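Please keep the structure in view while reading.

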Amino acid sequence: MESNRTYHYIFKYIFLGAALIVIAVPLLSYIFPNAVELNGETGPTSLITTIAFGVTGVILLVFFFVVKDNFAIVQFGNQSITIKHNGQESVENWLDIDSISQFRFIFPPLYSLKIKGNKSPIWFNTDSNYVSVGGYTMDNSDMGNLITKKKRELGI
């Protein structure tokens, strides 16, 4: 069972895409003043709007650079976990796992994995087999079921 690669790349690069869009809108309004419509009016955006969009875009860009290295592709087996992270592949034993938890209000399901002796957590996703009620996400994928089973067996 392996992480879904499509969702892996979506989660990893969503903040970069959002930052580029938020930064591009005010720039395009100055190049093509009638192409952007804000509050029913066409024309270039005001300086305050441009600054607000720019600051928001820079914050999203910084957030992207902070979290992009946390995402990994993880493959689970009954005895071992293979982690493909930053171009390297490592094999860990289930007993080396310090904690594993799901971010409950993000879907498709996103998990945080912390390995003993490693400071930073690794974030990975499972398949899109989930139930979301009021934003609360419950993972029903095979990978999610194996994680739940191993957490219960090993007391993680």
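## A pair of neighbouring charges

Is Asp69 buried, partly exposed or exposed? In this predicted model, Asp69 has a relative accessibility of 34% and therefore counts as partly exposed, since that class lies between the limits of 20% and 50%. Asp69 takes part in a salt bridge with Lys68, and their closest N and O atoms lie 3.3 Å apart. Lys68 has a relative accessibility of 22%, so this residue also counts as partly exposed.

The pair formed by Lys68 and Asp69 belongs to a total of four salt bridges in the structure.

## A link between distant parts of the chain

Another salt bridge joins Lys84 to Glu2, with 3.0 Å between the closest N and O atoms. These partners are 82 residues apart and connect distant parts of the chain. Lys84 lies in strand S4, which covers residues 80-85, whereas Glu2 lies in the segment before helix H1 (5-31).

Lys84 is partly exposed, its relative accessible area being 26%. Glu2, with a relative accessibility of 27%, is likewise counted as partly exposed.

## A pair within a helix

Helix H3 comprises residues 142-154 and contains both Glu153 and Lys150. Because these residues are three positions apart in the helix, about one helical turn separates them. Their side chains meet in a salt bridge with an N to O distance of 3.9 Å.

Glu153, by contrast, has a relative accessibility of 48% and counts as partly exposed. Elsewhere, salt bridges with shared partners unite Glu2, Arg5 and Lys84 in one network.

## A sheet of three strands

Three strands form an open sheet in the order S6-S7-S8, and their pairing is antiparallel. Why does one side of S6 and of S8 lack a neighbour in the sheet? Strand S6 (97-103) and strand S8 (122-125) stand at the edges, and each has a single partner strand, so one side of each remains without a neighbour. From one strand to the next, the twist averages 25 degrees.

Strand S7 consists of residues 110-115 and pairs with S8 in the antiparallel sense over four bridges. Within this region, Tyr111 has Phe124 in S8 as its bridge partner.

Technical notes:
Residues are numbered from 1 along each chain as its sequence is written. This is a predicted model: local features need pLDDT of at least 70, side-chain atom pairs count only at pLDDT 80 or more; totals for chains, interfaces and linings use all residues. Side-chain values use heavy atoms; hydrogens and water are left out. Two strands pair if DSSP finds at least two bridges between them. Helices (H or I, at least four residues) and strands (E, at least two) are DSSP runs, numbered from the N terminus. Axes are lines fitted to C-alpha atoms, for helices over the stretch in contact, and angles run from 0 to 180 degrees between N-to-C directions. Buried means under 20% relative accessible area, exposed over 50%, partly exposed in between (1.4 Å probe, protein chains only).
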